[in-house]
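Please walk me through this model, one region at a time.

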Amino acid sequence: MVKRFGHVQALQGADFTACPGEVVALIGDNGAGKSTLVNVLSGVLAPDGGEVRLEGVPVRFSGPMDAQRHGVETVYQDLSLAPDLDAAANLYLGREMLRGGVWGRLGVLDRPAMRREAVRAFAELGVELKDVTAPVTTLSGGQRQSVAVARAVAFANKVIFMDEPTAALGVVQRSRVLETVRRVADRGICVVLISHNMPEVLSVADRVEVLRLGRRVASFTAADTTIEELVGAMTGSLDGPPQHDTARTGPAVTEAEEGR
Ligand SMILES: Nc1ncnc2c1ncn2[C@@H]1O[C@H](COP(=O)(O)OP(=O)(O)OP(=O)(O)O)[C@@H](O)[C@H]1O
């Protein structure tokens, strides 16, 4: 995948594959190109070169909603929440539940049902919101992050990209989100996780892809590597980082290939 911002070459042929049921961690130093890659794969940014394949089929998302229609959800670093809406409304943003019968045809929102579902979804993530009717702008950073994670988990059926989904979380919520990541993958969804937290990466990921200066420079099987090895690959201090064999568990669902 190739992406330029003016003179900045953010992605210079970064590529990776993620399979159903696996958690792939995307790691790299600040500025390595991780968020740019996720933004290109989730339809936020148009690439300057390269190809995305979903279940082996080339796709070109016209925007994030197009990606969502294909079963691809994203937790963005900036969370992309509507600050003045409550947690339940944010969970269903753009996919609101409507009341049945004539009201459904008139497009009346079923707020009680959305709030019930929101309470359930947040409880699953270990988030206790005192008031699901409060605008998300009044929530803590961690609570807002959980709202964004809950939204992606509720709707993804093929791929979830998570850009630093636990950065603002306390210990308990962090471990609940990581449990959720594993559970979502076990449903056959492929999870791509960006994280700077190496113990977290090793505890939840099956594979680790390392980006440096817009390129993928190493791949590791999480069970066979160490924090030192990952940091070495990220910083380039390892001489000729290894391209470990990546155990593939099925057909590729998402791929960003080198630009031509
Ligand atoms: N909208 C933009 N305009 C100009 N340059 C950008 C833009 N977005 C990213 N870049 C540049 O592209 C490069 C890759 O940035 P990116 O945010 O993808 O890195 P990252 O690996 O996610 O970093 P971090 O871990 O700090 O979030 C950086 O040099 C960054 O300054």
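Leucine 139 is buried, because 22 other C-beta atoms lie within 10 Å of its own. The cut-offs are simple: a residue is buried with 20 or more other C-beta atoms within 10 Å of its own, exposed with 12 or fewer, and partly exposed in between, with C-beta atoms placed from the backbone. Leucine 139 sits in the loop between helix H5 (111-124) and helix H6 (141-155). Helices (H or I, at least four residues) and strands (E, at least two) are DSSP runs, numbered from the N terminus. Setting aside neighbours within four places in sequence, leucine 139 is in contact with Ala134 and Arg144. Contact means that the two C-beta atoms, placed from the backbone, lie within 7 Å. Glutamine 9 is 130 residues away from leucine 139 in sequence and 37 Å away in space, C-alpha to C-alpha.

A word on the model itself. It is predicted: local features need pLDDT of at least 70, side-chain atom pairs count only at pLDDT 80 or more, and totals for chains, interfaces and linings use all residues. Residues are numbered from 1 along each chain as its sequence is written. The protein chain averages a pLDDT of 85, and 88% of the residues score at least 70. Over residues 245-253 the pLDDT is below 50, yet this stretch has 24 contacts in the model beyond near neighbours in sequence. Here pLDDT is the predictor's confidence in each residue, from 0 to 100. The model scores ipTM 0.97 and pTM 0.85.

Now the chain as a whole. The protein chain has nine helices and 12 strands. Of its 260 residues, 43% are buried. Among contacts with a separation of 6 or more, 71% join residues 24 or more positions apart.

Strand S1 (residues 2-5) and S2 run antiparallel, joined by four bridges. Strands pair if DSSP finds at least two bridges between them. Lysine 3 stands opposite leucine 11 in S2. S1 and S2 form a hairpin with two residues between them, and glycine 6 in the turn has a positive phi of about 60°.

Next comes the ligand. Which residues surround the ligand? They are Phe5, Val8, Ala10, Gly28, Asn30, Gly31, Ala32, Gly33, Lys34, Ser35 and Thr36. A residue counts as near if its C-beta atom, placed from the backbone, lies within 6 Å of the molecule. Strand S2 (8-12) and helix H1 (34-41) each supply at least two residues of this shell. H1 gives the most, with three residues. By type, the shell divides into four nonpolar, six polar and one charged. In this count Ala, Val, Leu, Ile, Met, Phe, Trp, Tyr, Cys and Pro are nonpolar, Asp, Glu, Lys and Arg are charged, and the others, Gly among them, are polar.

Stay with H1. Eight of its eight residues are buried. They are Lys34, Ser35, Thr36, Leu37, Val38, Asn39, Val40 and Leu41. Just after H1, glycine 43 takes a positive phi of about 90°.

Two other loops have positive phi values. Most residues other than glycine have a negative phi. Glutamate 55 has a positive phi near 50°. Glutamate 55 lies in the loop between strand S5 (52-54) and strand S6 (57-59). This glutamate is partly exposed, because 15 other C-beta atoms lie within 10 Å. Glutamate 164 has a positive phi near 55°. Glutamate 164 lies in the loop between S8 and helix H7 (171-186). With 17 other C-beta atoms within 10 Å, glutamate 164 is partly exposed.

S8 leads on to its partner. Strand S7 (residues 72-75) and strand S8 (residues 159-163) run parallel, joined by four bridges. The bridge partner of glutamate 73 in S8 is isoleucine 160. From S7, Val72 and Thr74 point one way, Glu73 and Val75 point the other way, and all are buried.

Beyond neighbours within four places in sequence, valine 191 is in contact with Val23, Ile160, Met162, Val181, Val184 and Ala185. In the largest nonpolar core, with 74 residues, Val191 and Leu193 touch the most other members. H6 gives the most to this core, with six residues. A nonpolar core is a set of buried Ala, Val, Leu, Ile, Met, Phe, Trp, Tyr and Cys residues joined through C-beta atoms within 7 Å.
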